[in-house]
Amino acid sequence: MNRKQILLMGITAVAATSHASTNKEATKKPMNILFIMSDDHSFQTISAYDHRFIETPNIDRIGNDGAVFTNSFVANSISGPSRACMLTGKHSHKNGFIDNAHKFDGSQQTFPKLLQKAGYQTAVVGKWHLTSNPTGFDYWNILIGQGEYYNPHFIDNGVKKQIHGYATNIVTDLAIDWLGEKRDKSKPFCLLLHHKAPHRTWMPDTCDLGAFDDVKFPLPENFYDKYLGRVAASEQEMSIFKDMDIVYDLKMADKENEIHSNTSLEGWGRALYNNLDSAQKAKWDAYYEPIIKDFKARKLSGKELAEWKYQRYMHDYLSVIRSVDRNIGRMLDYLKKEGLLDNTLIVYTSDQGFYMGEHGWFDKRFMYEESFRTPLLMRYPSAARKGTKIPQLVQNIDYAPTFLELAGVKIPQDIQGVSLLPLLKGEKPKNWRKSLYYHFYEYPGEHAVKRHYGVRTERYKLIHFYNDIDKWELYDLKNDPHEMVNLYGTKGVEKITALLKKELVKLQIQYDDPIESLLIKK
Ligand code: SGN
Ligand code: CA
């Protein structure tokens with residue numbers, strides 16, 4: 001179900017309740033798992049990684065008491081596919097969910113099913129986005145499709161409901177309610193707490209409106225990238241200047257109906273506003289109306305408009321993160337109060353990274369660093385050292401085997417990821433992977449990012465864009481961390497190109513990706 005259908009649904013509102021239990025649980029084995037994930041949360045906007053934009057003390061707590069993975073990546077930088085990779089521990093071509101238009105085959109092996117079989121209580125609350133209903137969970141209460149920020153609709157174990165309030169608060173309430181009131185406390189638990197935030201259209205909670213008003217964010221140095229030598233990058237539709245919608249994304253839904261973006265998104269922007277109740281609207285208007293008035297008076301165009309859009313985008317996005325961080329703090333405090341902190345592995349990640357204006361963009365999809373990387377922090381009570389930085393190359397297919405090993409469940413042979421537990425324990429495994437494989441399929445599609453696959457080593461990245469084009473790109477990440485200079489085919493890179501192509505084929509054989517059959521030109 002898409003955003004449009006959700007907005008048209010008329011379903012009775014029910015109030016969310018949270019009952020903080022006073023029951024203290026004794027430390028017991030095996031360890032519980034709390035897997036927190038946000039949607040589109042860039043590593044640039046987590047202070048454990050980067051202090052330029054925002055402080056996120058609560059997310060950082062997870063890493064301070066455990067580890068921050070400094071080279072964490074996804075296998076396919078988009079929501080449904082990423083989630084399928086995590087659930088199965090397999091690349092997209094193996095779990096079958098290659099793009100958001102697919103339906104997840106819930107009859108296949110997933111880590112929640114294996115944990116449930118091993119005696120865990122399993123639950124998922126919040127964003128699911130796999131089209132089919134969850135399988136392998138004792139309790140599920142999921143947002144429909146992308147979910148909504150305000151007064152969102154859920155499917156509560158098969159029953160549709162609307163809950164009044166703000167999604168990030170509600171999802172946290174549901175998680176706490178399940179932990180305190182609904183689960184079987186004689187069993188270990190595995191809880192997937194998956195936020196909608198900070199996905200487009202970055203609607204802040206009313207209490208966070210204006211939180212960054214006194215900040216002017218510096219433009220990324222490649223904001224005005226001309227994409228020389230990079231054909232796929234020049235043909236995308238994820239530019240802040242060209243593709244970010246004034247009304248839909250940037251909330252300029254004026255009462256006078258004078259501001260028009262002339263896209264179908266404008267109407268949906270106005271519908272999102274209309275979905276707020278009168279008290280929410282009053283707070284929303286108090287913040288945005290002066291901005292709308294000022295925007296109208298300034299009649300911006302060209303670079304001035306681009307930079308105004310960038311500032312608005314950053315202000316809204318970061319205000320949404322404030323709520324994520326605050327709610328994670330609430331969750332950690334709850335676990336502490338319940339005596340659960342020291343018997344629970346806590347994971348924080350995102351379904352992929354996101355562009356904060358680098359290359360002039362928002363959104364994700366590309367194998368370039370900002371979207372290929374994803375934040376990953378883990379609080380592991382038995383860690384040898386707290387606050388460790390783990391530099392090894394890790395990927396989201398590694399989460400499933402990590403959880404299984406932690407639970408003492410045998411990792412099935414067909415899982416393609418590798419358990420991260422040895423790294424968390426401070427071990428330095430010999431033969432750790434030296435390269436990562438990536439494959440993005442959603443083309444033709446929204447934002448027009450061409451199909452591509454590639455390999456990344458510690459220093460280099462080789463990408464092949466295919467389907468309706470045939471273009472290779474090569475980057476030296478040490479000398480060109482922002483991936484501005486495509487070295488492919490230039491003098492002096494013959495040897496490294498050959499090595500990377502060999503590595504790429506090795507990975508395609510190892511992961512059994514039938515790439516040749518996909519290379520059919522239109
Ligand atoms: C929606 C968004 C896109 C976004 C995809 C995928 N458009 O379609 O901007 O790239 O989701 O995001 S919107 O008009 O519906 O907001 S994903 O993270 O869920 O894969
Ligand atoms: Ca996402």
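## Second largest pocket

By class, the lining of the second largest pocket comprises 12 nonpolar, seven polar and nine charged residues. The model is predicted, and in it this pocket has a volume of about 500 Å³. The lining is made up of 28 residues, and those closest to the centre of the pocket are F43, Q44, R52, E370 and H482.

## Largest cavity

Searching the whole structure gives four cavities of 30 Å³ or more. The largest cavity holds about 90 Å³ of space.

Residues T201, M203, V247, Y248, K251, A253, G269, L272, Y273 and W284 line the largest cavity. Sorted by class, seven of these lining residues are nonpolar, two are polar and one is charged. Helix α9, residues 265-274, supplies the largest share of the lining, with three residues.

## Packing of α2 against α11

Helix α2 spans residues 57-64 and helix α11 spans residues 302-337; the two pack with their axes 7 Å apart, at an angle of about 50 degrees.

On the α2 side, the contact is made by P57, N58, I59, R61 and I62. On the α11 side, V324, D325, R326, I328, G329, L332 and D333 take part. By class, the residues of this contact divide into six nonpolar, four charged and two polar.

Q108 sits in the loop that runs between α4 (92-95) and α5 (111-117). Is Q108 buried or exposed? The cut-off for buried is under 20% relative accessible area; Q108 has a relative accessibility of 14%, so Q108 counts as buried.

Apart from neighbours within four places in sequence, the residues in contact with Q108 are T88, K94, N95 and K113. Of these contacts, K94 and N95 fall within the residue range of α4, 92-95, and K113 falls within that of α5, 111-117. Q108 therefore is a buried loop residue with contacts that include residues of the helices on either side of its loop.

Note on methods
Residues are numbered from 1 along each chain as its sequence is written. Chains are lettered from A and ligands numbered from 1 in the order in which they are written. This is a predicted model: local features need pLDDT of at least 70, side-chain atom pairs count only at pLDDT 80 or more; totals for chains, interfaces and linings use all residues. Side-chain values use heavy atoms; hydrogens and water are left out. On a 1 Å grid over the protein atoms alone, a cavity is a set of points where a 1.4 Å probe fits but cannot get out, and a pocket is an open set with protein on both sides within 12 Å along at least five of seven lines; lining residues have an atom within 4 Å of a point. Grid points are joined across faces, edges and corners, and a volume is the space filled by probe spheres set on the points. Helices (H or I, at least four residues) and strands (E, at least two) are DSSP runs, numbered from the N terminus. Ala, Val, Leu, Ile, Met, Phe, Trp, Tyr, Cys and Pro count as nonpolar, Asp, Glu, Lys and Arg as charged, and the others, Gly among them, as polar. Axes are lines fitted to C-alpha atoms, for helices over the stretch in contact, and angles run from 0 to 180 degrees between N-to-C directions. Contact means heavy atoms within 4.5 Å. Buried means under 20% relative accessible area, exposed over 50%, partly exposed in between (1.4 Å probe, protein chains only).
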